[in-house]
Amino acid sequence: MTLKPYTYITMSMRRGEPSRVSVYFNSVDLRARAWLGETGNPCFDLDTSDGSVTVSTAGPVTDQDLTVAREIFNAAARYLGDCERLHSEQTAKATADEAA
């Protein structure tokens, strides 16, 4: 099943509780980039034509910032591995179907 690209955003605001915003990008238009911001802080951005999400440190880089950066790196590596595996399986199936 192939879905059309879309962006899904939810926001939860309850009295006495922290607000929560969730953004889901399902798009071939997704771009990822990292750079140093104007203040010299590292930034990581996921961007589509519909919106973007930026992650940055709140000041000098802390041990917690390093932990988060490693979590982003590990999650991106797993995402890449899953995409490569699924693409390979889909390509093999399409080739087998064509040969049949």
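Trainee: How many residues in the lining of the largest pocket are nonpolar, polar and charged?
Mentor: Keep in mind that this is a predicted model, with local features needing pLDDT of at least 70, side-chain atom pairs counting only at pLDDT 80 or more, and totals for chains, interfaces and linings using all residues. Residues are numbered from 1 along each chain as its sequence is written, and side-chain values use heavy atoms, without hydrogens and water. By class, the lining of the largest pocket has two charged, four polar and 16 nonpolar residues.

Trainee: What volume does the largest pocket have, and which residues are closest to its centre?
Mentor: A pocket is an open set of points on a 1 Å grid where a 1.4 Å probe fits, with protein on both sides within 12 Å along at least five of seven lines, and lining residues have an atom within 4 Å of a point. The space in the largest pocket comes to about 920 Å³. There are 22 lining residues, and the closest to the centre are F25, S27, L30, Y79 and C83.

Trainee: What is the volume of the second largest pocket, and how many residues does α1 give to its lining?
Mentor: The second largest pocket has a volume of about 270 Å³. Its lining includes P42 and F44, and also V55, D65 and I72. Two or more residues come from each of β4, β5 (52-56) and α1. The element that gives the most is α1, and its count is five residues.

Trainee: How do the residues lining the second largest pocket divide by class?
Mentor: C43, S56, T57 and L66 are among the residues to look for in this lining. The division is one charged, two polar and nine nonpolar.

Trainee: How many bridges join β3 to β4?
Mentor: You can find this pair by looking for W35, which stands opposite C43 in β4. The two strands run antiparallel, and the number of bridges that join them is six.

Trainee: Which residue in β5 is the bridge partner of D45?
Mentor: β4 and β5 form a hairpin, with four residues between the strands. Their pairing is antiparallel and covers five bridges. In β5, the partner of D45 is T54.

Terms used: Points joined across faces, edges and corners; volume = space filled by probe spheres on them. Nonpolar A, V, L, I, M, F, W, Y, C, P; charged D, E, K, R; others polar. Pairing = 2+ DSSP bridges.
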